[in-house]
Amino acid sequence: MFPSTKNLLRTVAVACILPAGLMGCKASGNQSPGAASQPPVMNAAASAPPQTADDAPPPEKTGGFDGKRAFAHVVKQVGFGPRPSGSQALVHLQDYLQSELKSYGCNVETDSFGADTPVGRLPMKNFLVKIPGEKPGVILLGTHYDTLLKDNFVGADDAGSSTAVMLELARLLCPQRGNYAVWIAFFDGEEAMKQWSDTDSRYGSRQMAARLSASGEIKKIRAFLLADIVGGRKAQFLRESSSTPVLIDLVWNTSAKLGYSALFVNDTTAAQDDHDSFLKRGVPAVDVIGDFMNNGYWHTPQDSLDKISPKTLAIVGHVFLESVKQLQSK
Ligand SMILES: [Zn+2]
């Protein structure tokens, strides 16, 4: 995503605060914090690792959403290394997405296409999970899964976190049948290859929106809930001003009811993101996006695994699950 012009003044301020010599702290692949060395024989109370602020709540408290599983998906993605569109690392992630979704029993459609970008024509792939419903109408959820083309950028939060949340949502939702169909989109090529513009960004979501327009299916989409940068330890979510007001209210009222008002605050921000590809074609959409302008690591090599909280992932997953329930009842 990219800040809209409203945010540019803040961009300048943030850029000045950032340390000049950005240290390349590449995330270490496959360790989950705190799980390392427990003595083999101890009683249950003593051997339980201490609860920390970032531990995921038990799934029964977040509608079944398992923050630990989601966190493991972030670890996996970061382990593939930087994952820009067209890279071999992204092919590894594509294989991982497909095998995970298949193991959940999801029906997945794949669209392979070529995108003309300022760095040449790149092979890209969108995935669309389709869960049938009883009535006509579709609730669309989505994320991008590519990372910014930049040295040492492993994108734990952008877009490891939202990709992880959508995988965990797919595990829970694929076996369910609601009033309306639920589709879950995994977009390639959200990031700009050189400089964010309408033609250098959102390659995957523009492709999917165009295809769904051509087939007429886009008219069936009642709501599009997009997630991006949703895993930070200190994440806050601001109302994104280009999003559809009734959907912002739906998500924010849901989060308040669940007790998450400290994360879902009432300030506003403005972001250009994959929701634009659908808003431009008349689909109501909301971008649930962490406050990237102020997280201190957006689009830098510091967007690494240590920034990610299983608890934040679980809260966002819970909010998405409850928001889908609300949309299913309308
Ligand atoms: Zn980004």
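In the predicted model, Lys130 and Glu109 form a salt bridge whose closest N and O atoms are 3.3 Å apart; a salt bridge is taken as a side-chain nitrogen of Lys or Arg within 4 Å of a carboxyl oxygen of Asp or Glu. Because Lys130 lies in strand S3 and Glu109 in strand S2, the pair ties together parts that are 21 residues apart in sequence. Helices (H or I, at least four residues) and strands (E, at least two) are DSSP runs numbered from the N terminus. Lys130 counts as buried at 15% relative accessibility, whereas Glu109, at 38%, counts as partly exposed. Buried denotes under 20% relative accessible area, exposed over 50%, and partly exposed the range in between (1.4 Å probe, protein chains only). Residues are numbered from 1 along each chain as its sequence is written, and side-chain values use heavy atoms, with hydrogens and water left out. As the model is predicted, local features need pLDDT of at least 70 and side-chain atom pairs count only at pLDDT 80 or more, while totals for chains, interfaces and linings use all residues.

A search of the whole structure finds 12 salt bridges. Within helix H9, Glu322 and Lys325 lie 3 residues apart, about one turn of the helix, and their side chains meet in a salt bridge at 3.3 Å, N to O. Glu322 is buried, with a relative accessible area of 17%, and Lys325 is exposed, with 54%. Elsewhere, salt bridges that share partners join Arg69, Glu168 and Arg171 into one network. Glu168 is buried at 0% relative accessible area, while Arg171 is partly exposed at 24%.

Helix H5 (156–173) is also among the elements against which the buried residues of helix H4 pack, together with helix H3 (67–79), strands S2 (108–117) and S3 (120–131), and strand S5. Contact means heavy atoms within 4.5 Å. The buried residues of H4 are Ala89, Leu90, Leu93, Gln94, Tyr96, Leu97, Glu100 and Leu101. Seen down the helix axis, they fall within an arc of 165°, so they line one face of H4; the arc is that of the directions from the axis to the C-beta atoms. Gln88, Lys102 and Ser103 are exposed on the other side. The 16 residues of H4 (residues 88–103) should span 22 Å at 1.5 Å a residue, which agrees with the 23 Å between its end C-alpha atoms; the expected span is 1.5 Å times one less than the number of residues. H4 is followed by Gly105, whose phi is positive, near 80°.

In strand S5, Ile184 counts as buried at 0% relative accessibility. Not counting residues up to four places away in sequence, Ile184 touches Phe127, Leu128, Val129, Ile131, Leu141, Met166, Leu169 and Ala170.

The zinc ion is coordinated by Asp158 (OD), Glu191 (OE) and His299 (NE2) at 1.9 to 2.2 Å. Donors are N, O and S atoms within 2.8 Å of the metal (3.2 Å for Na, K and Ca); water is not among the atoms, so sites may look incomplete. Glu191 lies in the loop between strand S5 (181–187) and helix H6 (203–215), and His299 in the loop between strand S10 (285–289) and helix H9 (310–328), so the pair ties together parts that are 108 residues apart in sequence. Both Glu191 and His299 are buried.
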